[in-house]
There are 2 protein chains.
Amino acid sequence: SGSPQSALIIHAGHMTSVQEVNPAVRRIRAPTRLQDLAIPITDEILQRLKTEPLCACHHCALSQVLAACMYPKLLEEKSLPLDVRQRAQKLLGACGGGSVGSYSATPTGIPLVHKSIAEFIERRDCGVSSHQDHIILSSGFEKILWMVLHLMSNGEGQTQTGLLTPVPCPQTVPMLLDVSWLTMVPYQLKEDRGWALDLDELRQALETGRRHCEPRAIFISNPGNPTGHVQDRETIEEVINFAATEGLVLLVEEVDQESVFGQDKEFFSYKQVLFEMGQKYSEMVELISFNALSGAKMGECGLRGGYMEVINMDPAVKTYLRNMQATSTPPVLPQLALEVMVNPPSLGDPSYETYTNIVRTQTTLSQNAHRACEFLNELPGMSCQPAMAGTFLYPHLNLPPQMIEKAKTLGVEADVLYCQKLLEEEGVCLGPGCENGQDDQNYHIRLSFLVPPVILEDLLLHLRSFHLRLLEKFP
Amino acid sequence: SGSPQSALIIHAGHMTSVQEVNPAVRRIRAPTRLQDLAIPITDEILQRLKTEPLCACHHCALSQVLAACMYPKLLEEKSLPLDVRQRAQKLLGACGGGSVGSYSATPTGIPLVHKSIAEFIERRDCGVSSHQDHIILSSGFEKILWMVLHLMSNGEGQTQTGLLTPVPCPQTVPMLLDVSWLTMVPYQLKEDRGWALDLDELRQALETGRRHCEPRAIFISNPGNPTGHVQDRETIEEVINFAATEGLVLLVEEVDQESVFGQDKEFFSYKQVLFEMGQKYSEMVELISFNALSGAKMGECGLRGGYMEVINMDPAVKTYLRNMQATSTPPVLPQLALEVMVNPPSLGDPSYETYTNIVRTQTTLSQNAHRACEFLNELPGMSCQPAMAGTFLYPHLNLPPQMIEKAKTLGVEADVLYCQKLLEEEGVCLGPGCENGQDDQNYHIRLSFLVPPVILEDLLLHLRSFHLRLLEKFP
């Protein structure tokens, strides 16, 4: 289908403009999480993009607030909504020195931000209390998880710390385990139950893991990245009970908590469930919950802002984490962005209208997820579980044995080969499932649907032609 | 001298407005690096501040560029200088997805920023070449140093990795060593020679260190934080030669490289000297040089942006550091700020005028340093070496033995007690030398002179009254 010279590269979080892509470069560049999606683009699509709203657009209120904090002369700029200017003024007042250029007002961050986050958590958890000093800010989810893993890291070989890790898991987790010298103890999620967590799998993984390392914690992604699964309350209770019995720490990535769109699906935080299970649990189980600006709701990946709430940790651990944080106070701007995230403009605020683009994005996401899932399930050799949240579909590939053989002779995983060929032949760039911790012959691809519908449609057509050609070639 | 209700708190990097300070809080709050300086303020000073320029003001060009990148509608705002808008446009074009909201274009950061930094280094080092892929970006000096220390961390007790560390050292270094499980191997700087590095001290420290740990690297701060000393070329050659002979890695913090104001003083980078010493050295000595937005030139502490240049490192180490970086791509805005730092507006650019506030700041800094040093040297029991760079003076305190005794009975260091009492009695907040790694009875205080002259003058008067009263009390 030719070698298109220009392509639309969809960046996690934000829509790019059309970029010239050198086909020679495209051929060798492996898919990365930074370009989860790239497709060649025609003039016709370009035209349609101009009239159809993008689903991942700038969140005007946030951009305006941060710009005004960065350049306070904008506080007098009447073209900015009044509530934006008032909020910028308030946030600047909370910054050390009244400026984003100073270190945070305290080593651990801006107190107002801690307070707003704790209040947000209380509202979310139907009143379960949250304490400011249990909130630790950081520059993004990965940085803060790494800090925690670094702290848990211990031993070598048989005595090395192990982390129970779902398969599939967020694609940065295997790399983080690697650089923290931790052993990954995989537990399989149940694809045939929409990627639900299964307690027997978890139990069996722990048993197996204890034979070759020292598992100390369970990592959980809920809503699941890249599965889009939303855990139900009973599962969460089971997992908490299991962690309590086995003395394991719970590390829960809840970055997509505000982007659940599956019908009758509801997000429950591990924290809320833990506290509603009674004192026996709520005073004992060690829990760290992670949230970040890079979730599907905000999609602000480039700012690198996140926080964790730390429950029942040994005071020494909390002190260590706080000291770690204090050695390099968190950047100021992402903290301000977190404040906007947990305190969005309300109905009636002048900036509410632009901010609700985010709500419209949710609707588009939900429709995209539904449409793509149906489409993929109609392809031979492909099956896809519906996503209930987040931005990914994670379809299963039933690849021809000859192709798997070929990949072996080339020394790459078959899903990587699939993605490379797709990129080469159609200019479409998706992520291979092996990046999500899958190292058996259970092949998947990762497809972000955080794109305008017109792009999604085109992408699916490219994927279909490639996929059908592949099946013809390896019958 | 009463208990003033309002105080001017000077934040590292930026000037604050007057803040209400509750005296009760002030009494118990220990000085921290986040508030290196706080003084009570009268209406008269407030008036004078309005007419005298602050020396630590916003760098308009930088603020404007970042605001326009954050909120691209400003690209059309005619009130912003043309070169600012052009630069913002160019930087946005270099961002993944043309937006600061996306992850960096590559896992290791924005290629344009790497390129600009490498070119800056080449210009600085009189043509010694610098390679883009030796530049690793990070969110601030401390984060990136911690990453390196974490990598070097090894062993326990006798086999624990040691770091040769100057005394005094930047105040975050002891804490970083602590959280990285490294042993500090102190080497004394020569106060009577303006805090010069002395090779015999270094050699002796290494010998002593080898008896109780495994020293693997030398940490150097040049220009010195908090001493303001600028190393001469001969010293740098000696240190490099010593590192080569002993097989030690050089970790060189050069954050204040662009703020040398001492007469006849010139900054030489370790990199330049290393390469001018010939291949025997330039192909062997392992060197990491650190630079950051938080230096005296930019003073942009809240953005948290920095980079390191990595020379002669084992490829595996470089890969590890790059992977570490890639697990959490660096925040986008600080990268853009680094680009402005290494490529400031030139003469003729519309924004040059505002940007040269930085140059004016240097003049004020130099005058402040000179004035404060003279003043302090006139006080009995105090002696101060002149600062040649940076933002600190670090005077020696000759404290009365009775006061040292009193501190002992209270269980605090005498310099901490000095600072606490100064804060309590005069509302002036300075940093105690023990935070800079000094744990012997060699007492110092750390005084930032990055303030408007009127404030400095007032501060010195407060300090003098307190100091003289103290000497009267403990004759």
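How many salt bridges does the structure hold over all chains? I began with this count and found 32. I note at the outset that the model is predicted.

**Entry 1: a salt bridge within a helix**

I looked up one salt bridge in chain A. A:Lys115 is joined in this way to A:Glu119, and the closest N and O atoms lie 3.3 Å apart. I then asked where the two residues stand in the chain. Both belong to helix α5 (residues 111–124) of chain A, and because A:Lys115 and A:Glu119 are four residues apart there, about one helical turn separates them.

**Entry 2: the domains of chain A**

I turned next to the division of chain A. Domain 1 is made up of 6–54 + 359–473, and domain 2 covers 103–342. I looked up how the two domains of chain A meet: 30 residues of domain 1 are in contact with 32 residues of domain 2. About 2300 Å² is buried between these domains, with carbon and sulfur atoms giving 55% of that area.

Which elements give two or more residues to the side of domain 1 of chain A that touches domain 2 of chain A? I found α15 (357–377) and β12 (392–393) of chain A. The most comes from α15(A), which gives four residues to this side. By residue class, I recorded 11 nonpolar, 14 polar and five charged residues on the side of domain 1 of chain A that touches domain 2 of chain A.

I also checked the interface of the two domains of chain A for salt bridges, and the rule finds zero. Polar contact, however, is present between domain 1 and domain 2 of chain A, in 11 residue pairs.

**Entry 3: the open sheet in chain A**

I followed β12 of chain A into its sheet. Three strands form an open sheet in the order β12-β15-β14 (chain A), and their pairing is antiparallel. At the edges stand β12 and β14 (431–432) of chain A; each has a single partner strand, so one side of each has no neighbour in the sheet. Two bridges link β12(A) with strand β15 (residues 445–448) of chain A in the antiparallel sense. Within this pairing, I located A:Phe392 opposite A:Ser448 in β15(A).

**Entry 4: the open sheet in chain B**

I then consulted chain B. An open sheet of three antiparallel strands has the order β12-β15-β14 (chain B). Its edge strands are β12 (392–393) and β14 (431–432) of chain B, each pairing on one side only. Strand β15 (residues 445–448) of chain B is joined to β12(B) by two bridges and runs antiparallel to it. I recorded B:Ser448 in β15(B) as the bridge partner of B:Phe392.

Definitions and conventions
Residues are numbered from 1 along each chain as its sequence is written. Chains are lettered from A and ligands numbered from 1 in the order in which they are written. This is a predicted model: local features need pLDDT of at least 70, side-chain atom pairs count only at pLDDT 80 or more; totals for chains, interfaces and linings use all residues. Side-chain values use heavy atoms; hydrogens and water are left out. Domain bounds come from an automatic or database domain assignment. Contact means heavy atoms within 4.5 Å. Buried area is the accessible area (1.4 Å probe) that two parts lose on being put together, summed over both. A salt bridge is a side-chain nitrogen of Lys or Arg within 4 Å of a carboxyl oxygen of Asp or Glu. A polar contact is a pair of N or O atoms within 3.5 Å; within protein, one must be able to donate a hydrogen and the other to accept it, and residues adjacent in sequence count only if both atoms are side-chain atoms. Ala, Val, Leu, Ile, Met, Phe, Trp, Tyr, Cys and Pro count as nonpolar, Asp, Glu, Lys and Arg as charged, and the others, Gly among them, as polar. Two strands pair if DSSP finds at least two bridges between them.
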